Amino acid sequence: MDASALDDLNLTMKELTSMPQSDSGSAAAVDVEATTGSGVSGSSATISLSLDNKLVCVEYPAIISNVDKMMETVGGIQGVSKAYGDPSRRLELRFRPRDPFCHPVCGNRYPSTNLLLCVKKRVRKCNPEEAQIDMKILGVIGTTYKFQGMADFQYLAVHSAKDGSQTSLYDKIILRKPENNEFFEQRVPLFLPPPIFSRLDTAVDYYYRPEIQHKEGYCPPTVSRDNLIGLSRARRPHNAIFINFDDQNIPNEPLEAAKVNWKRVCVHASDTKAEEQMKKMFESRPIWSGNAVKANLDIHPDKLKLLLPVVAYYMVTGPWRSLWVRFGYDPRKTPEAKKFQVLDFRIRCSSKHGYTSNDMPVKAKRSTFNYTLPITLNKTVPQATNVTDLAPEGPNPGRSANITKYQLKESSYVFREGTLPPHRQMFYQLCDLDVESIRNVFGRNDGQEEKCDERDGWCLSRTADDLRDIMSSMIKQIIRNKRPESSVTRPKAPESGQDDEDEEEDEDEFHPSEGSDNEMETEMLDYMSLWASIMKMLGILVAVALFMGPASAATLGVVYTEGGMVEGNNINTDGLFRTMDVFRGIPFADKPGKFEKPKRHPGWDGVLKATEFKPRCMQVTLLQNDVRGQEDCLYLNIWVPQGRSVSTGLPVMVWIYGGGFLVGGSSGANFLNNYLYDGEEIANRGKVIVVTLNYRVGTLGFLSSGDVSGPGNYGLWDQHAAIAWVHRNIRAFGGDPNNITVFGESAGAASVSFQTLSPHNKGLIRRAISQSGVALCPWGVNKNPRAFAEMVAEKVGCPKDDQMMTCLKLTDARDLTLAGTLQLNGSPSTPIVDNLALSPVIDGDFLPDHPGKLFHNAADIDYLAGINSMDAHLFAGMDVPDINGLTWSCFLALICRSDVKLLLGALTKKGENVTNSALAEYSADWGTKPSQETIKKTVVAIETDYIFLVPTQVSLYLHASNAQSAQTYSYVFSEPSRLAGAVKPYPSWMEADHAADLQYVFGKPFTTPLAYWPRHRDVSKYFIAYWTNFARTGDPNQGESKVPVTWPAYTLSGQKYLEINSKMNKNYVHEKMRVRFVNWWSNILPSLPSE
């Protein structure tokens, strides 16, 4: 009845007797303000009504025998008034108000327009047919509270004795006052609540109703008492057919009642269209989840409940539980139905999984908080709707032209990598898990399915557990990436334009958690949050010892990669709340075949413990008389710095080791468990992720037949595979896949250069650092690989014809490795650099052309390259051994000049005239009587220029010439050698030798401080600062670390470079590094004729 029509309302007796009455049990009315009306005797009456008489009705869900006790259960007048005063609050009812274990049932608030009438009928004893009726309208009931749900645990805990008497157990289980130990040790009868103790959607009585229509074949349970609820609950879908996994037969057609019901509501063209669409859906795919149907069909949910039973039956148990299956299709007999199985997935939400319920961005569908407290926030009440009016045809002039869409989003049933589920609990079909690695897991037994069981269906045992582990790891990483910098920091104040409610929110106000998969856990979290708020208001502080800081830092834990889950070690580092996640031995490729490109790793089951370095790739020992390492060697290591929150978006630095393409490993040399290539110091001080990798070296890595049968460059392909793996997976470790810097030394530095020049790395590398080596080095490319391959073939007994590579592939890897030794004895006339025959080749694939013609591929890659000031001293010492001591065999400069001339002739390879030209260039500053130190330093300079400096300067020039968005930087490292001086192996004039920079780049002065002076720690700090700044921003001056001198970029006009050592200042910025000699080797020498 419309409230606006209540004024001066005329009511007849017929109308009064036909007014709707409440059928919800006794009603208790609370009089807000009572007024008195008037009654007129007769068959009709006119009653005046005042709208000031307002009443509140509570439809009490029980028989009332004592009004006072009834009022106590709803909190009395005060409790009802408090609920009425807050429109968002529900009315709380406790059947046992003084029982702390009594859960409340909450009444929802509804608007109403009912009248409360007081009707009195007086009958004369002498004439019963004559009666006088007096009526009063006590008021208008504008608000009604209805209890539509039933509370948990309303059965009393009682003990039934043998004589039939019952005793309450509450005095034995409720702690009403402090008790002694005897109270807790007393024997108490076991009380097990019936299995029906769960929330029901609607209020029901305490009697089993046999009139409920179950499906055919259902056997009702035996009920011994009249006050029990049925042991099983009748299902609500409309005329659907429910099938258990162990049922023998499946239906081929729907129930007739289902057809009738759907025909009754199928009144619009859109309904017919929806029916046709659904039939096509089940023809193309025999099994669908409810959410999948809703995401592919736009139909009102109430109509969908009627349509589904017409085209499919419902599986109740087994691997297809809660799914709709096309009539006539039995998934238990078809292995292809494996992909349609259901996966019950719940996001793991607890502190042991790395985040709490409050950290979880995925909200629960419902929280226990809504049940345990009589409060709802802006919760609308569902209104009854006629199903035939749900989808009207054509526009309605009285309503908005907007059409309601009932279709769900695709994310409601499809899981993809990098996205979060819409709810914490989801029921996915395996075919809707759109992740390749997940599909590989449940497809492990494709074509080998033998038996379908109720737990795993057609999948292998525990497949569902493996899938949940993978998905949980993926979601865990996504949540961490979305998490703000500090998990304990409160959100920032809202910006202008946000809701006023958010701006006025009190910081100290208690807010319930968003719920959990486990409702009891959610409830506990709510109360814990409330207690924390109370403590905060009381000013109680919790002290945390500072020395526990590292233990409180974040950690990645288990990380999901494309091959599976990995778990490393979390170690303490310097600094408060700082740790390091270290992963050693993660496979980035499968075991490589001989002389084949690497292949992706097939993956693994469970969690891979990545805690130990893997062996090197098979290679010769330093003495070249034995082998070390193994063929299965394509592994990498990762160092991830962590603070108080899990790191995200960090720059990534990928290290490629040197060793002349003959030896080396991802961990480097080891002394007392102190590995040279330990990335901890770089990662910790520069706040970057460091990756080191293995790649094949020696014969197995770089032998080439010079044709398609053995193109070579297998070691470079390994490096590329590792870089690609990092690009695909490093985000899961907290790295930025779009900010990868590759850096390396010697052969590793040349490899870095090759990687930037190869078209196969387009888009994978953002920056590169080459330390003492580039692709243009004279040892960088093997121009005649066939000669070395035939030598190896001869040693292992293989032919040198077109069957050579076939034979070599069948040869033992150990024999091949030992056959690929190099001659490491040199002389002025046969310098050792000419013996470095195991090198990359121009294969037309990885290197489609000469490196000097490929710099356009590095146009957008920032490049930093340099050398050590005496980089070739190591090589010169083997070619001219006397440079490291007194030259007793030659006292005259003339004799030593001959050694220099022999060396220059061997390096220039153009005859006497060219050799003399070179000698004149290098001896121009000698004077008439050069000292032994001068001549020795000249020998070192000659080989340094030829082997490292000139190729590096040419590479920098070509890079700057081809650069589009990239920057170029040049340097020379000149710190005096730690091995130079009295009673040391090298003369005092020695500066930075080959590989001398490695100890500083990897922070050894910090890890082994007793072996270094403070100036060495300065050098290490400078290297790490420049290198990590460059990796972060592309500018070595800008980043997380301070630098001692501003490093100018290398340009074609200025060609500036930075000299790095412990004494560096602004005067250590120079330009045009050894330009006279660079010009001679790169311009004059090529123009001179050969003899």
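Okay, let's start with K294, which is partly exposed, with a relative accessible area of 32%. On the scale used here, buried means under 20% relative accessible area, exposed means over 50%, and partly exposed is in between, with a 1.4 Å probe and protein chains only. K294 sits in helix α8, residues 290-296. Helices here are DSSP runs of H or I with at least four residues, strands are runs of E with at least two, and both are numbered from the N terminus.

Which residues does K294 touch, leaving aside its neighbours within four places in sequence? They are L304, Y406, Q407 and L408, where contact means heavy atoms within 4.5 Å. Take Y406: K294 and Y406 are 112 residues apart in sequence, yet 7.6 Å apart in space, C-alpha to C-alpha.

Before I go on, a word on what we're looking at. This is a predicted model, where local features need pLDDT of at least 70 and side-chain atom pairs count only at pLDDT 80 or more, while totals for chains, interfaces and linings use all residues. Residues are numbered from 1 along each chain as its sequence is written, and side-chain values use heavy atoms, with hydrogens and water left out.

So how confident is the predictor? pLDDT is its confidence in each residue, from 0 to 100. The chain has a mean pLDDT of 80, and 76% of its residues reach 70 or more. Over residues 1-42, though, the pLDDT is below 50, and that stretch has 69 contacts in the model beyond near neighbours in sequence. Residues 367-403 are also below 50, with 55 such contacts.

Now the inside. A nonpolar core is a set of buried Ala, Val, Leu, Ile, Met, Phe, Trp, Tyr and Cys residues joined through side-chain atoms within 4.5 Å. The largest one has 164 residues, and F583, L636, I638, F733, L808 and W1027 touch the most other members. Helix α26, residues 932-962, gives the most to this core, with 11 residues. There's also a second, separate core of 26 residues, including A240, L297, I299 and L306.

Let's zoom in on F733. Setting aside neighbours within four places in sequence, its contacts include Q477, L556, F583, I638 and W725.

On to the rings. Rings of Phe, Tyr and Trp (its six-membered ring) pair if their centres lie within 6.5 Å; planes under 30 degrees apart count as stacked, over 60 as edge-to-face, and the rest as tilted. The whole structure has 33 aromatic pairs. F583 and F733 form an edge-to-face pair, 5.0 Å centre to centre with 85° between the planes. This pair links distant parts of the chain: F583 is in strand β21, F733 is in the loop between α18 and β30, and they are 150 residues apart. Both F583 and F733 are buried.

Y1026 and W1047 are edge-to-face too, at 5.2 Å centre to centre and 90° between the planes. Y1026 lies in helix α29 and W1047 in the loop between α29 and β34, so the pair ties together parts that are 21 residues apart in sequence. Both of these residues belong to one aromatic cluster, with F1023 and F1030 among the other members.

Last topic: charges and rings. A charge sits over a ring if NZ of Lys or CZ of Arg is within 6 Å of the ring centre and within 35 degrees of the ring normal. The charged end of K597 sits over the ring of W717, 4.1 Å from its centre. R685 does this with F1006, at 3.6 Å.

Conventions. pLDDT = per-residue confidence, 0-100.
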